[in-house]
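Trainee: Please show me the model, and then we can go through it by question and answer.

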Amino acid sequence: MSEERPRDDYLRDGPNLTGAELDAVLDETWRDGPGLMGWIRSVDHKSIGKRYLVTAIVFLGLGGILAALMRIQLSGPGHHFLGPDRYNQIFTMHGTTMMFLFAVPVMDAMAIYLVPLMIGTRNTAFPRLNAFSYWMYLAGGTLLWVAFVLNVGPDAGWFSYVPLAGPEYSPGKRVDIWAQMVTFTEVAALAVAVSLTATILKKRAPGMTLARMPIFVWAILIVSLMVILSMPSVALASSMLLADRLVGTQFYNSYELGDPLLWQHLFWFFGHPEVYIIFLPAAGFVSEIVQAYTGRQTFGYTTIVLALCATGLLAFGLWVHHMFATGLPRLGYAFYTAASMAVSIPAGIQIFCWIATIWTGRPRFMVPMLWVVGFIVTFVIGGLTGVMLASVPIDLQVHDTYFVVAHFHYVLIGGAVFPLLGAITYWFPKFTGRMMSEGLGKVSFWLSFLSFQGTFFPMHIVGIEGMPRRVYTYPAGMGWDTLNLISSISAFVFAGSVILFVANMLLSMRGGEQAPDNPWGAPGLEWKAASPPRPYNHAHIPIVLDNTPLWNAEQPVAYGLRVEDRELVLTTVLDARPDLREPSPEPTAWPLIAALATTVMFISSIFTPWAVAIGSVPIGVALIAWFWPKGPPHPDPVIE
Amino acid sequence: MKRAALILPLLAPGCAGIQSANGRDAVQGALIGRLFDVFLGVAVVVYALVIVYLALALLRGRRHRRRESGLQGEPAPSLERPWRIGLILFASATALILFGLAIATWLTDRALAKAGAEAPLEVEVIGNQWWWEVRYQDPVASRIVRTANELHLPVGQTTRLTLKSNDVIHSMWIPNLSGKQDMIPGRESDLALHPTRTGTFRAQCAEFCGMQHANMALDVTVESPADFRRWYEAQLVPQPAPGGAAAAGYAIFQNRQCASCHAVGGTPASGQVAPDLTHVASRNTIAAGALPMSRENLARWVSDPQAVKPGNNMPKVPLSQSELGALVAYLETLK
Amino acid sequence: MSLRFPEVIAAMLMLAATGCHRESRDYRSLALQAQDRTKAFGGNAFHLAQGQRLYAWMNCAGCHSHGGGGMGPPLRDDEWRYGGSLPEIVTTILDGRPNGMPSFRGKITEDQAWQLATYVRSLSARTREDILSGRADEPSNVEPPVLDERKPVRRVTPRQDDASEE
Amino acid sequence: MTEQPRFTTDLAPLRTYAFGHRSLTWWGIVAFFLIEGTAFALAVAAYFYLMNQEKYWPPQPIAPPGLLAGTLFTILLLLSEIPNTMAKKAAEAKDLPALRKLLIVSSAIGLVLMGLRAWELDSLNVLWSENAYGSAVWLLLVLHTTHIGTDWVDTLVLAALMHTEHGDTGRRYVDCAENAMYWRFVWLLWLPIYVMLYWLPRLVT
């Protein structure tokens, strides 16, 4: 085969083929198929991203309902609204749903949707792997919630400490289903991480060197690497737990040389990076929002990127602060105290830079900016209580109490959900082509912000006053009654505010005013594409000259990509010089079939270990069919 | 330090209850409490500074507010310079504050270690699913006191609790006295307590341990050494078979299901898998804090333990009214 | 989604029939007749786990060790001198048997006897696979289950087809 | 988009495939290296974690795993690198006939390796359910067996693919080169595990 000579009879975009005529051809090439089969076969990052977002918001709602039930039970001492068994299932499901089925997938959703648009390409790398990851995520969520409805929901907490979650003290299939759900969501998150890493490294628009990448894309790159390095830990731990429960291995059996702390080490080695996997994309959202609404590039671009890297690195060095009460040697703890305190410095630096950007820019106080201010006010409280928790003696008093519950709600809802709601409002015009209503947005912000403080600030005090975590009831006269009542009432108001936000989304989807391509005058490449973006995102691959492409007078474009087949450009990793023309895989249903085969294997392996061997044959067949090239061989390759 | 102490009272409201980390009724509790005050004070100050900084940025931003979107002109590098210096100052200030807090933590750790160094009294506490087994160690085997769900401590002396577990991970936490320590099966951890104030406190299991994690409490009574000595001797006294009205209850206890699991010193009943009932009537609560001790509550508990503490391991023993009355009468004698 | 939905619902309903019963923690004492008790206790993982703990608490291992037998007969094999069905094992526990098996009537409650019997039957792997617990948190000096047929002893009660109890 | 965008860079002359880090799938495979490498590193860490809690390792009555099977497996695994490297060179040189033969040789070696692995699992002297040591040893071996099994199936599929008419396209050569790279990762990962499982207990007691 001689050197690949580009045959000239292919139709290519360029000066002679542009505008509406090009749009027709590209739309035909990149569009999803019609109807249900088209939806199932789709590999377009935008439709997969939207699916992830809708599913994650559904799970947010379900998790929220569970939180409401818990608050009803805890609104006063000695209530009988929920029995212990049902309450334990509910708080476990609340934690598991919020962490595994909402927080990580919703950040994946935004990343899958936005990263290709922001770096000026037409689809993620390995789009079929993305489709596979969504089906696995959906299957894992469905498994968990169907089990919960059938009274087989896990009841050992969202981190299922052994030996309570072991074979002897958790009879039946409840914890098995939890462990298998972890395997599902972990496979999904790893698949997304692999595809996003490859997308960000290889598919940036020509000229977008690493130093010119948007900060959100930096955050997603670091988060993807953290997912790749942390998720195997929980995969290993949950597989070992499943082996202990089903085939009688002795990993966590202290009577047979095993150790319950081995589970805690492996789980929290994943657990703490997980919470930074949830927070860093939110930090990326804030950097983008602040940049757009103050009309200037975020202050200290390099500082923030280094702070993100520092957070990503440090996150792997402080998991033992979850185990300060387990009696490990004190000198080891001192190291983890230092690391846990040090991780607040990068976060503090980012806060400083955002406020500096607001100070020196000319801000417009639209709804996303309100969410950013609400985020700063709330997250700093969570960060400071986090520093308190880093100190061993204080942690021994407040560990596993409602003080910790308050802390992680401040850093997870305050630190990740507030920026997420701001980001949804900010990118809503790009997702749907319509603006969310400002008035309704402001009301839902103030309602959320105030009811959030009312719900979770009293928990600091109740925790100090001695109320332990995960109790389905508590005696009267301990000084906790009024504070819990306040939390419960505010919790319902908070739930109302989130419902209001979702209502605002649904109403604006149809009734919102039409949005231009760049309603906020923001500098990112995603605002160069149409609202909602055409299936091929950018008619011509843009060329980037600096950090804020759309604020640059010069906006050159590249041309010469084939239009009748899916093709996009690969660039070199560091300075994004155009390198190869890469065919992008065509839509196919094989990822769904492979996901179904994997689901059958995972679920049946809970009932019999043989299912692992027998079940992997259909998976092999599905994967081979997925990769096997179809149709006649093309001289200029197309991935059928 | 003093400034932080001034700010603190208004933030940790309310007098400390019988189960509150604000109680600080032991040397350990006080040390941790003081460290918490330092951290809280610093946190409040830092938070105030951040909010002031944010507010100024927002106010200044409000003055330069604008309607139109898009680039407003890249700020001149000269304007950036003060902010670069500000950033370096901010980062180093944060690092310095954290370093100070780390030093405070280290000092507290050292003081805690010194406070718990030597302990004249050794107590072994074993966590079970949803109750505590408490054994006062003594070199002379016959003077070992076995009790359950209660802990008596002499004030002004250090007591070391050796913490173990028979089944899942529990966590011994007496908020008024000290921090918590997990009880992990296959491991032993210890907790030193040096109470400084007499009184009754309530401890609770702080690591989720199953269905009745919420009702796994422990009554802690701190009393003068003399009272403690008196209590200790009383606990050593075995319970002879009673005469009169309680004799029927005694017969039921020995012959029916009770003796299979429970033990009463001085009687054939010597079950090890459930709380020791030798001096059950002298305790403040029943079933690890589920009900306060009283005649009706004893009857209510024995007649249907699953109603009071659903899912616990004590079965509903079929008893007629008369048998129940006799049994409760017998239990009342176990002072 | 529509084409997959009916199958999913059908599968769930079928699962519902077995799912929630196997998992329900019905710690309230069950006033049921013998054959209802077999289904109530036999198919429930919670009762099997409680039986496992009672086996340790009531010191059954003293004579039967962990099912391998010692002074008492082994419980892991398929050899039942006094009947291998649940009600028969409960009768053995509550009323005792000649040459050595003590009567536990009055020493443990009716429900506890049924829980114990459920666990004892599971030692010879006759219970459904999905109810068995992987292992106990205790030293694993348990020999692998011995299911090879030994010379049958004269049976007291006619041999019932055990499969009927699944 | 009324006025004509400024066209500056013509992408038409770019190549459509390349070997090494220029190809997209190379980065995907490196990411998978990281995932599997982390999983193995943590499994080894768990093994050491359990080990330093015991005085005797393996715990008393149990003998260390039989050397013969493991060593034979390791030797053959290292030898398999010869056809593997030749296959990589053949792929980069786009020499189809040689590549086809080498892929068949690699698949055959894979089959023998799986057989040796089965014998190795039989000569471990411990069951996974006996104690944590047995569990950890079996965990590492089952993980590596799946690892080697998946890459063996990949090699089989590639061998079959290269014999079809699709075989003679640029990207398929890239796939073969990257599969050879993945095979290297498989045996590189096995060496530390082999030393740890087979030699550490013998040297350290």
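Trainee: In β10(B), which residue is the bridge partner of Ala203(B)?

Mentor: This is a predicted model, in which local features need pLDDT of at least 70, side-chain atom pairs count only at pLDDT 80 or more, and totals for chains, interfaces and linings use all residues. Residues are numbered from 1 along each chain as its sequence is written, with chains lettered from A and ligands numbered from 1 in the order in which they are written. Helices (H or I, at least four residues) and strands (E, at least two) are DSSP runs, numbered from the N terminus. In β10(B), the partner of Ala203(B) is Leu218(B).

Trainee: In which sense do β9 and β10 of chain B pair?

Mentor: Two strands pair if DSSP finds at least two bridges between them. Residues 199-205 form β9(B) and residues 217-223 form β10(B), with six bridges, and the sense is antiparallel.

Trainee: Which are the edge strands of the open sheet of chain B?

Mentor: The sheet has five strands in the order β4-β10-β9-β6-β7, with mixed pairing. An edge strand here pairs on one side only, and these are β4 (150-154) and β7 (181-183) of chain B.

Trainee: Which element gives the largest share of the side of chain A that touches chain B?

Mentor: Two residues are in contact if their C-beta atoms, placed from the backbone, lie within 7 Å. By that rule, 74 residues of chain A are in contact with 73 residues of chain B. Elements giving two or more residues to the chain A side include α4 (84-118) and α8 (260-294). The largest share, 11 residues, comes from α11(A).
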